[in-house]
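Look at the protein chain below and turn it around a few times. Then follow the text from the overall fold down to single residues.

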Amino acid sequence: MGTDFIIQSILVYGLTALILYTLGMQFSDVNRHLNSSIKVNYIKGKTFLFWIAVVFATVSGLRYLTGSDTISYVEKYHLLEKNHNYVDEHFEIGWTYFCKILVILGFNANAYLFVVALIQISAFLYFFKSKPLILPYLVLTLIFSGEFLNLWNGLRQVTVAYLFFPLLLAVEKKRYVLFLLAVVLLSFWHKSSYLLLFFYPLFHYGKDFFIDKKSQFAIWLVCLYVGSNSTWIGSIDYI
């Protein structure tokens, strides 16, 4: 990795973070003054969210070398462009057909990643739009933390995980059938969606199960063990 690439990355991500933060602050400011003109400010707020999504997805689509797994996704997408009948045995049928549709529509690899990033950020913004005061700092965290790299090192898994955000609202509104149906449909993108079912009781009963320090410490120990021991990953290949 050359010095030019590092400098370029600093400039690109620094500028991206600045733009996203500025748009987020504008969205936050609009929501502080909703009473002055509800209809106009509502439209302005949606416009800022729209541009946050577009900027994020554009940078993500053009900078796919950020994640090593993404290179593999791009290579397989190119194979699908050459042969529409190409099927990767590791991809779920839903993701395969999702890619085929984009190929048929004439989307190149960058546009493919743009669409995926757009789905991710749209789900994120849909959930956090009700938190306008912290939204600018959340979009900064996406860029400057390891989360941006994580987005591109498990494309299917992370996309399913981000779609879990709006599904939480379905649980909150007691739309349980919709939640269960969505989990099943998402399993055609990645089987890990079934793990979302374990979170259902936490939000269904509306109880804070982790308020005491012992529970928090036990969870921390489990996470520490899982994060430091990779041997279990081989037993659940591609989950």
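The protein chain has eleven helices and zero strands. Both terms refer to DSSP runs, numbered from the N terminus: a helix is H or I over at least four residues, and a strand is E over at least two. Read along the sequence, the pattern is α-α-α-α-α-α-α-α-α-α-α. This is a predicted model, in which local features need pLDDT of at least 70, side-chain atom pairs count only at pLDDT 80 or more, and totals for chains, interfaces and linings use all residues. Residues are numbered from 1 along each chain as its sequence is written, and side-chain values use heavy atoms, with hydrogens and water left out.

Start with the whole chain. Of its 239 residues, 37% count as buried. Buried means under 20% relative accessible area, exposed means over 50%, and partly exposed lies in between, with a 1.4 Å probe and protein chains only. The chain exposes about 14,400 Å². Carbon and sulfur atoms supply 69% of that area. Such areas come from the Shrake-Rupley method with a 1.4 Å probe; for residues, only the protein chains shown count as cover. Now take contacts, meaning heavy atoms within 4.5 Å. Among contacts between residues at least 6 apart in sequence, 68% join residues at least 24 apart.

Next, go inside. In soluble globular proteins, nonpolar side chains tend to be buried together. Here the largest nonpolar core has 59 residues. A nonpolar core is a set of buried Ala, Val, Leu, Ile, Met, Phe, Trp, Tyr and Cys residues joined through side-chain atoms within 4.5 Å. F56, W95, F98, Y112, L125 and L155 touch the most other members. Helix α5, residues 109–128, gives the most to this core, with twelve residues. Which residues does Y112 contact, leaving aside its neighbours within four places in sequence? They are Y73, Y77, W95, F98, C99, L102 and L155.

Several of those names carry rings. Rings of Phe, Tyr and Trp (its six-membered ring) pair if their centres lie within 6.5 Å; planes under 30 degrees apart count as stacked, over 60 as edge-to-face, and the rest as tilted. By this rule there are 16 aromatic pairs. One of them joins W95 and F98, tilted, at 5.1 Å centre to centre with 55° between the planes. These two are separated by about one helical turn because they sit three residues apart in helix α4, residues 93–104. W95 is buried at 0% relative accessibility. F98 is buried too, at 12%. Another pair is F124 and F128: the ring centres are 4.8 Å apart and the planes meet at 50°, so this pair is tilted. F124 and F128 both lie in helix α5, four residues apart, about one turn of the helix. Ring pairs also link Y73, F91, W95, F98 and W189 into a cluster.

Stay with α4 for a moment. Its twelve residues should span 16 Å at 1.5 Å a residue, and its end C-alpha atoms are 16 Å apart, which agrees. The expected span is 1.5 Å times one less than the number of residues. The buried residues of α4 include G94, T96, K100 and V103. After α4 comes G106, whose phi is positive, near 90°.

Compare helix α8, residues 155–172. Its 18 residues reach 27 Å from first C-alpha to last, close to the expected 26 Å. Where does α8 bend? The bend is at F165, by about 35°, and a proline, P166, follows within four residues. A bend is the angle between axes fitted to the seven residues ending at a residue and the seven starting there. α8 is mostly covered, with 13 of its 18 residues buried. Just after α8, K174 takes a positive phi of about 60°.

S60 lies in helix α2, residues 38–62. S60 is buried at 0% relative accessibility. Not counting residues up to four places away in sequence, S60 touches A117, F148 and W152. V12 lies in helix α1, residues 3–32. At 26% relative accessibility, V12 is partly exposed. The C-alpha atoms of V12 and V59 are 8.2 Å apart, although 47 residues separate them along the chain. N150 lies in helix α7, residues 147–151. N150 and D69 are 81 residues apart in sequence and 9.8 Å apart in space, C-alpha to C-alpha.
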